[in-house]
4 protein chains.
Amino acid sequence: MSNEHNAPRRLRLGMVGGGQGAFIGGVHRIAARIDDHFELVAGAFASDPERARASAATLHVAPERAYADYRAMADAEGQREDGIDVVAIVTPNHLHFDVARTFLEAGIDVICDKPMTTTLEDARALADLVERSGRFFGLTHNYSGYSLVRQAREMVAAGELGELRVVQVEYPQDWLATRLEDQGVKQAEWRTDPKRSGPAGCLGDIGTHAYHLARFVTGLEVESLAADLHAFVDGRVLDDNVHMMLRFKGGARGMLWSSQVAPGRENGLRLRVYGSRGGLEWHQEDPNELLYTPQGEPPRRLTRNGPGLGEAAMAAVRIPPGHPEGYLEAFAQLYSDFAEQIRARHANREAHSLARHTPGVADGVDGVLFITRALESSRAGGTWVNL
Amino acid sequence: MSNEHNAPRRLRLGMVGGGQGAFIGGVHRIAARIDDHFELVAGAFASDPERARASAATLHVAPERAYADYRAMADAEGQREDGIDVVAIVTPNHLHFDVARTFLEAGIDVICDKPMTTTLEDARALADLVERSGRFFGLTHNYSGYSLVRQAREMVAAGELGELRVVQVEYPQDWLATRLEDQGVKQAEWRTDPKRSGPAGCLGDIGTHAYHLARFVTGLEVESLAADLHAFVDGRVLDDNVHMMLRFKGGARGMLWSSQVAPGRENGLRLRVYGSRGGLEWHQEDPNELLYTPQGEPPRRLTRNGPGLGEAAMAAVRIPPGHPEGYLEAFAQLYSDFAEQIRARHANREAHSLARHTPGVADGVDGVLFITRALESSRAGGTWVNL
Amino acid sequence: MSNEHNAPRRLRLGMVGGGQGAFIGGVHRIAARIDDHFELVAGAFASDPERARASAATLHVAPERAYADYRAMADAEGQREDGIDVVAIVTPNHLHFDVARTFLEAGIDVICDKPMTTTLEDARALADLVERSGRFFGLTHNYSGYSLVRQAREMVAAGELGELRVVQVEYPQDWLATRLEDQGVKQAEWRTDPKRSGPAGCLGDIGTHAYHLARFVTGLEVESLAADLHAFVDGRVLDDNVHMMLRFKGGARGMLWSSQVAPGRENGLRLRVYGSRGGLEWHQEDPNELLYTPQGEPPRRLTRNGPGLGEAAMAAVRIPPGHPEGYLEAFAQLYSDFAEQIRARHANREAHSLARHTPGVADGVDGVLFITRALESSRAGGTWVNL
Amino acid sequence: MSNEHNAPRRLRLGMVGGGQGAFIGGVHRIAARIDDHFELVAGAFASDPERARASAATLHVAPERAYADYRAMADAEGQREDGIDVVAIVTPNHLHFDVARTFLEAGIDVICDKPMTTTLEDARALADLVERSGRFFGLTHNYSGYSLVRQAREMVAAGELGELRVVQVEYPQDWLATRLEDQGVKQAEWRTDPKRSGPAGCLGDIGTHAYHLARFVTGLEVESLAADLHAFVDGRVLDDNVHMMLRFKGGARGMLWSSQVAPGRENGLRLRVYGSRGGLEWHQEDPNELLYTPQGEPPRRLTRNGPGLGEAAMAAVRIPPGHPEGYLEAFAQLYSDFAEQIRARHANREAHSLARHTPGVADGVDGVLFITRALESSRAGGTWVNL
């Protein structure tokens, strides 16, 4: 149990979004509970007062801390003695910016889902605000919480792959292969609606996860990209398939594919990195295994909490090897690392080095820049665009 | 989020065992938190008062409810207005019986780790006591909490495999391939010590899980068995490898293998069931997939929360297909089902039908009977013994 | 045994190239033997007379039919009563064109390795010559001989995937991740040498296989492509990594990746095709399995010679399901289909419909066109180029 | 191409059995062709003269060497100047003994399918005869021809696993899960008929392969066994499922399962061997991979012809890693090794050390002994029986 050495008080968590019928809000709540660093005490779970209250009731949140308006929530919580330490923003994308701004201005730390904003201007404005405010800002690129993703990052950083050459990342799904948005599926509705999702569909929803994962593990920066976005399902406005070629600073090359129309693929996020001295392969649907091949030697199957791992990976596990951890534990890892950073800020100390590498506002800006440039490239017919 | 429809108050949970350095106690605590039906409020985490208090402090348990003696705990909690609703027993095996008896006699529901007791007499006495007490008794054969294990059970019960013929179950590990018990590893120490573990080593620790899983999915009863137990590691008293042939009532036949000396196998619990109309295969290290082959047709890969599943499986999921759930979620599923049953008892109503099939005291007796007969068989040279 | 219905006489096979130290020549010979439609009776296995004779001696080829000069061979064999029926060309790429022309002009059927020629002009000239000559011309895009590749093609053609949307094809290897060409490895030497390999490295060696496979299975034509080729290994002139985006006529989109610098990947040719009604995935390293997912249903594992296959797949197997066939059997399948076509030509009849779809001179032109356009695109910085 | 160093004349091969509708005869013929050490020149492919002649005609065998009676064939071929060097016996089991005896007595080397005979007396008599005759006798336990099976054997022999502890071997199939023997399937008919198959069904057909594989790789001898055989399909006389516990000399223990009623399993021969220093796992349906785990280290995926292999494995490959070889190549490897041994006998020299370890008459006796003892054990109710 890596996360039970001490028991400082649980952090008080608020939430905006995540009412009944939502998906990611529930995930954040489980993630916040798993390692026991948070208690949910307030929320604006919906903009409709009735639904906001009903949702709060199902979540053990006191009625007086169930808000229908996030501005009112920020205001009230910011003034309470026992006000929330941090808010989790789990709304559709178009609200991220204003909600984040509102809480930061109320002096409250922020955990925000991705993509951070729907425009580059907003992203940069938010980065400025975070800097000025001195508050903590965590971005839930949750795949970076997987133990073996951190192992991969550590191995690349230590030079075990040599000079990086090729980076292949992909994230195929199949759930939008038909017009689910016409069938009353709330998740499909907002994700295919530019008013709520922003200008990017599949690109913003999962392409940005793929991009972040590649950056997180390799440490490489994209220099330029050529993107070919397409909406395959009739009548869909936003892209549901993304093809992209990447050139990284320093000379590596790569490809990125994300899709929501690939029958048989559920959440097939996969990263493959090849360097002059070795290769690494990791697949989110089988996350307890990392394939590592030193060039010229047999591939080795590194397992979560198994032999041969470094300290970053070993700090992000809960149970013995062979007992699978999954998506929720990876998400919980981010929450635990966020907790450490928030507590460090409270105590005016440095956060533990292993908890510091969680995605933040700079990653948020980077992700929105990526989306913006990919849209530019695709609109220009798939030409190369510098980042 | 299958478990957030309502919010009755959280059940008050106590724990016996699970102090610092323990493994399974931490798992129980996470499992109890994931679906948010419990709050840990009391504990006898260790018999040493100092360690008991220190452990409580790390677990947000109030000092006055940190006990060093489980009898004192049962007594005090049984009398408190806000006393615990249920105790989780996570000690080494030799204490299960007395702790369970003590809490049942104090009128407190019990969640107990397996094997239930170290003797058949104790197991039967406990079953009597549970019946007389009218209290809830849950046994954490946690693998039965996996969504696709429940799918398998439902398919067998619905006759989709036809008449069952062959049942192959195995649970290999490698962590005891060397004398870890001499290296200060607490988990290895008590598991290889007959005073704390009881007369069965590998057989009681994981063989009993394999046995329960086979019984749970197939619904078959073992008629007779022939067992060949062995301790391969020098100086080890208890078995570290178990070979067994099984004959089931009704004519099916099977094999069971469990081992703690199989290098490369971490927690390789695997069940394969073959009937006249089809076959099913499930592997705990890849638990989000169930391979189903209707005889004469291509195998189908059923995925957790994916297409083609029945209601039992769909009631035991948290997140979309392709986002893996693991060991902790399966364990949490048991805790959620226990909560439903405890609340139903409180409210004097029937528990939801999907929550009723969790392992209980009868499974505990069955498991100890299995261990007892396997030991008899092996001691007699591997002869057939009726159950 | 699908190929033993009749026993017309074995076809007399000659070979150009494939002397000691060569790789693909030996493969062609085994492939020609497996289904017993050919006997090797003549060869110009090397240009050095000594080595030509020595190679012939190891191959049961009579000394008088061991040639050092392929022109002499074409001449002599064209005039013998018992002259060869067909020649297999297994030289480095730069010789394909002239050898093929020479034998066609001598009235001899041709089996040629890929890429067909090193220039588009030669490819087109060869196509003209084949047409004029009336001779058989087979191109060994051998992966099209795999039973389940044919199954995939048949399923797509029958509309089982609906309208095609996304085509992902890749062929990573790792054997050229270091400067093997400096270490006396003949295979590496000629493949990295533009004089013998032509202007394309990895692109011509394996990228063209990936391209053909995608075309063969989907039946789609590429409308335009954007390619980013690179040589990662210091001092290497020809590309060792290929990234490409594809747009197909009719609207499908795709990506192609081939690499010879991906540590851990041996011959990872993989094709994934997604349409409006389903998806298919096939991997050359595990070729006895085809994953088929009807949209909204569980994935099905189709196995070679297993249940649920069509007639094209069932005509391309030798042994029962579960007994793996591999690369050599797929190659043999092409040879068997070539034999049927050659015999049909001899008999002035139509070849069996299932044997007619082997790659021929048109595929050769298409492959060289693909290479040419990819090189143009890459040299222009990765811009889109029409095919 | 490991097998083309020299070209001594091809050995003249005859065949008994293997006419139209047979399975294994065709496999032997392909196997004999792949490495080009044999030419098929004579045969008694069927006992019916018409079918014998028709079969010969499809196999390029001259009419005068197409026999209906194997005794006539042995007689005639034994006297021809150009008579066969070796006969391959591919009949149903009940004929193996007499055919083998007949050819040995005619001074002709023998390649025989397994199980060698249907009684232990015959097996021992055959062993005597082989010894007296001085002829070569090869037994086609073909799985021992796989490159990575030989790697496993070499690693065990070199002590890389330490002292062996646990051996798990299994061979499940599903093709006899229904009464195929009533549907005109010739393969099913004779295999379920004690008159032609002998007293063992699944046990003799595939259980004996599993047994041989375990013995071949580990070098261990079985000391005693307890077997539970059963016929699950109504009306079937011979066993279609085999369960067995094994005790090896020296202390290792194991299990063997073979089945023909396991839906979804095609030819799932799998061997797992665990010792004090490491573990090995190999699966026939994925034969180009061997999983090797040194105790306490990450598992390594050894691939056929890939890095890290020993000389025995490297002598049994044809093509580069990543290009799969399969069942036919493994079978061909035995034929190549047989050729080397036959030529060595002709030349009165020692066969190459790497070719000497093919199964022979002693393995045949051992296999029949195994069958005999397993039948005894099962008939006695599954008691332990010494071998």
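User: What is the handedness of the crossing of H1(B) and H11(B)?
Analyst: In this predicted model, helix H1 (residues 24-34) of chain B and helix H11 (residues 327-347) of chain B have axes that come within 8 Å. The crossing of H1(B) and H11(B) is right-handed.

User: How many residues of the contact of H1(B) with H11(B) are charged?
Analyst: H1(B) contributes Val27(B), Ile30(B), Ala31(B), Ala32(B) and Ile34(B), while H11(B) contributes Leu328(B), Glu329(B), Phe331(B), Ala332(B) and Tyr335(B). In this contact 9 residues are nonpolar and no residue is polar. The number that are charged is 1.

User: Which element gives the most to the side of domain 1 of chain A that touches domain 2 of chain A?
Analyst: Chain A is divided into domain 1 (11-142) and domain 2 (146-324 + 364-386). Between them, 17 residues of domain 1 of chain A are in contact with 19 residues of domain 2 of chain A. On the domain 1 side, helix H4 (93-105) and helix H5 (120-133) of chain A each give two or more residues. The most, 5 residues, comes from H5(A).

User: How many residues does chain D give to the contact with chain A?
Analyst: Chain A supplies 10 residues to this contact, and they divide into 4 nonpolar, 3 polar and 3 charged. From chain D the number of residues is 10.

Terms used
Residues numbered from 1 in each chain as written. Chains lettered and ligands numbered in written order. Predicted model: local features only at pLDDT ≥ 70, side-chain atom pairs only at ≥ 80, totals over all residues. Domains from an automatic or database assignment. Contact = placed C-beta atoms within 7 Å. Helix = DSSP H or I, 4+ residues; strand = E, 2+ residues; numbered from the N terminus. Nonpolar A, V, L, I, M, F, W, Y, C, P; charged D, E, K, R; others polar. Axes fitted to C-alpha atoms, helices over the stretch in contact; angles between N-to-C directions. Left-handed = near helix turned anticlockwise from the far one by under 90°.
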